Amino acid sequence: DVAVTFTSEAEMNIPGYREVLDLSLTLLQDMFPPSPSVRVLEIGCANGNTLKTLLSAGYTNLTALEASVFMIAECAAQVPSVPPESLIMCSTIPPSLPPFDAVFANWTLHFIPDLSDRKGYIMDIYAKLREGGLVVLSEKTEQSAAVRSKYHAWKRSQGMTSQQVTTKEEALKGVLVTAKCQWYWDTLTRAGFIDISVQYAQLGFVTWTAVKGRSDASADAVKGCNNASADACAAPVGGLTLME
């Protein structure tokens, strides 16, 4: 059952999995210190690892979305202090939810195969953030042949066999669909986000942060971010380049 084995699977397949969970918390703490009034939405809560991290740091006003009935059942078992009504099984953001101070979407949107639908989801995230709110977005991006080879070598170093690496890659074809780093930067910009930054990158797995800006600042944000995006996507982060 993937819900039960999720953590070990994530650690073997997502470079920097634990580091990004810790980084996400630090980024949140920097902008919104723990308080009962701070509302956090997690998209794709899986078995609850992020929720446990948030709860341990003092964040209690949490809402989580998850499309898998097995995952959300495991999450409920792992984080019983989160009210059942705050664990919502759905594949889209319910319009009835109130605005949030922060949204975490780590390694989830790349499972939306149609890029126009994925763009729409990012627009929905923007709509559900309050002005000045934070989004933390992590995705597997398009890898060059050289980076893919290094990624496969990394997976073998985590204990996977070559056959397991190949089988996993075949199983995810058409399920996990990557896009270029530039696509995410441009999509965040066009949605209206400002202060877009690459916070972590390793072997094509990238974490961005962005802030919901004022509506009258969007045009300037688009202009400025378009000028900066290519350099940021090619820059070394965490010791590796994204576009190697």
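This report describes the fold, the strand pairings, selected helices and loops, and the cysteines of a predicted protein model.

## Overall composition and confidence

The predicted model contains nine helices and nine strands. Of its 244 residues, 50% count as buried, and the accessible surface comes to about 11,000 Å², with 56% of that area belonging to carbon and sulfur atoms.

The mean pLDDT is 90, and 88% of the residues reach 70 or more. Over residues 217-244, however, the pLDDT is below 50, although in the model this stretch has 42 contacts beyond near neighbours in sequence.

Strand 2, which spans residues 62-66, has five of its five residues buried, so it is largely enclosed by the rest of the structure. In a regular strand the side chains alternate between the two faces of the sheet. In strand 2, Leu62, Ala64 and Glu66 point one way while Thr63 and Leu65 point the other way, and all of these residues are buried.

Strand 2 has a parallel partner in strand 1 (residues 40-43), to which it is joined by four bridges, and within this pairing leucine 41 stands opposite threonine 63. Strand 2 also runs parallel to strand 3 (residues 87-89), with three bridges between them, and here glutamate 66 stands opposite methionine 89.

## Lysine 52 in helix 3

Lysine 52 lies in helix 3 and, at 33% relative accessibility, counts as partly exposed. When its neighbours within four places in sequence are left aside, lysine 52 is in contact with Gln78 and Val79. From lysine 52 to valine 79 the separation is 27 residues in sequence, while their C-alpha atoms are 6.5 Å apart in space.

Strand 5 covers residues 129-140, and nine of its twelve residues are buried, so it is largely enclosed by the rest of the structure. It is joined to strand 4 by six bridges in a parallel arrangement, and together strand 4, helix 5 and strand 5 make a right-handed β-α-β unit. With strand 7, by contrast, strand 5 pairs in the antiparallel sense, over seven bridges.

Valine 136 of strand 5 takes part in both pairings: phenylalanine 104 stands opposite valine 136, and valine 136 in turn stands opposite threonine 209 in strand 7.

## Helix 8 and residues with positive phi

Helix 8 (residues 181-191) is mostly covered, with nine of its eleven residues buried. Just after the helix, glycine 192 takes a positive phi of about 115 degrees.

Tryptophan 107, with a phi of about 60 degrees, is placed in the loop between strand 4 (100-106) and helix 5 (115-128), where its relative accessible area of 11% makes it buried. Leucine 203, with a phi of about 55 degrees, is found in the loop between strand 6 (193-202) and strand 7 (205-212), and leucine 203 is likewise buried, with a relative accessible area of 9%.

## Cysteines

A disulfide is a covalent bond between the sulfur atoms of two cysteines. With a cut-off of 2.5 Å between sulfur atoms, the count for this model comes to zero disulfides. Cysteine 45 is in no disulfide, and the nearest cysteine sulfur, that of cysteine 75, is 3.8 Å away. Cysteine 45 is also buried, with a relative accessible area of 2%. Cysteine 90 is likewise in no disulfide, and the nearest cysteine sulfur to it, that of cysteine 45, is 9.5 Å away.

Methods. Residues numbered from 1 in each chain as written. Predicted model: local features only at pLDDT ≥ 70, side-chain atom pairs only at ≥ 80, totals over all residues. Heavy atoms only, no water. Helix = DSSP H or I, 4+ residues; strand = E, 2+ residues; numbered from the N terminus. Buried < 20%, exposed > 50% of the residue type's maximum accessible area, 1.4 Å probe, protein only. Areas by Shrake-Rupley, 256 points an atom, 1.4 Å probe, with all protein chains shown as cover. pLDDT = per-residue confidence, 0-100. Contact = heavy atoms within 4.5 Å. Pairing = 2+ DSSP bridges. Right-handed = clockwise from strand over helix to strand, strands pointing away.
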